[in-house]
Amino acid sequence: MRRRAPGRRPSGRATIADVAREAGVSKATVSRALNAPESVHPETRDHVLSVVNELGFAPNLNARSLTTGRTLVIGVVVSDIQVPFFTSVARSIQNVAHEAGYLTLLGNSDERPEVEDELVRAFAARMVDGLIVTPAAGDNAALRQVAAAIPVVTLDRIVHGVPGARIVSDNHAGALNATRHLLGLGHRSIAYLSSPLNKSSAVERYRGYRDALEEAGVPFDPRLLRAGDYHVDTVTREATELLTEAKPTATLTSEASVTMGVLRAAQGLGLRVPDDLSVLGFDPLELTSPELTVVCQDTERLGAEAMRRLVRRLVPADGDGDDPTAVDLVRVPTRLTVRDSCAPPAGH
């Protein structure tokens, strides 16, 4: 290894040639020191990296991707980043991606299929190595097309016709056990309020609710169902109408924003939780009184499992990775956390 002679620092953005010249080594040695440091003698490697830091050299990722066919970047599209569930899942994805040597690009579809379409196509055009998507709707032509070219993992919701791993909570079991809990307390008039039934997660939770009623021999009352806009203000109006007309003794809700709407409606009607109305829903809400009984989803495991499955599909075909086009389904268990928002119905 030749020690560099004192000289003028390169002007403008430093190149790999500048690093090689300053360090007194070949460009190939610089490349190995950056990309395969274990293959370079420690003294040489440390010297090269010192020069890299001194010159402020940053590898050209576009050039590297043309050479290796990989960018080490993952695109992540979530449905609504303001919802704590998706925030937590995205953080878990990023943590595992970092450990595996990948960067993540995050996009928010705001539950709009056309925005999701744009994000999926834009990420693919920027040569991400793979995608993790929480689909906004049950069908997405862009996602099907992109999944034919790069590995895709769908998260939280199942989209048929898209190859790749599908990582979801066990939504049916979560709603089944939640409804059983309310039935066990003596409730027979249990309302179900949900986001639109055009997503697999919402449909599975509704099925769990219905199956628990049937199991207990309790007839389904259509007046106790509300499924539509999940925004809090809309849910509050719908819930106020339902609580006034059908007078359920308990409610099961599909997600935190719907639960919040029910709590606001109950407060507006002067109903006490749980004395007048038991409230149980999917996903925690902070700072509520009384503390809510909830179905908890394992957001850390959901995000980590999605990223790990994607990494396994990114391993070259001659390695030990999974088939990128194989379809497999992973259901992550939920947990019912019993707190103070549910009680036997009055007079029971």
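Trainee: Where does Asp283 lie in this structure?

Mentor: Asp283 lies in the loop between strands S9 and S10, where helices (H or I, at least four residues) and strands (E, at least two) are DSSP runs numbered from the N terminus. Keep in mind that this is a predicted model, in which local features need pLDDT of at least 70 and side-chain atom pairs count only at pLDDT 80 or more, while totals for chains, interfaces and linings use all residues. Residues are numbered from 1 along each chain as its sequence is written, and side-chain values use heavy atoms, with hydrogens and water left out.

Trainee: Is Asp283 buried or exposed?

Mentor: Buried means under 20% relative accessible area, exposed means over 50%, and partly exposed is in between, with a 1.4 Å probe and protein chains only. Asp283 has a relative accessible area of 11%, so this residue is buried. Asp283 also has a positive phi of about 75°, although it is not a glycine.

Trainee: How should I read the largest pocket, and which residues lie nearest its centre?

Mentor: Rolling a probe the size of a water molecule over the atoms shows where empty space is left. On a 1 Å grid over the protein atoms alone, a pocket is an open set of points where a 1.4 Å probe fits, with protein on both sides within 12 Å along at least five of seven lines, and lining residues have an atom within 4 Å of a point. Here the largest pocket is lined by 32 residues, and Val83, Pro84, Phe85, Ala256 and Asp283 lie nearest its centre. Helix H5 gives the most to this lining, with four residues.

Trainee: What does Asp80 touch?

Mentor: Contact means heavy atoms within 4.5 Å. Leaving aside residues up to four places away in sequence, Asp80 touches Phe86, Asn108, Asp110 and Tyr230. Asp80 sits in the loop between strand S1 (73-78) and helix H5 (84-99).
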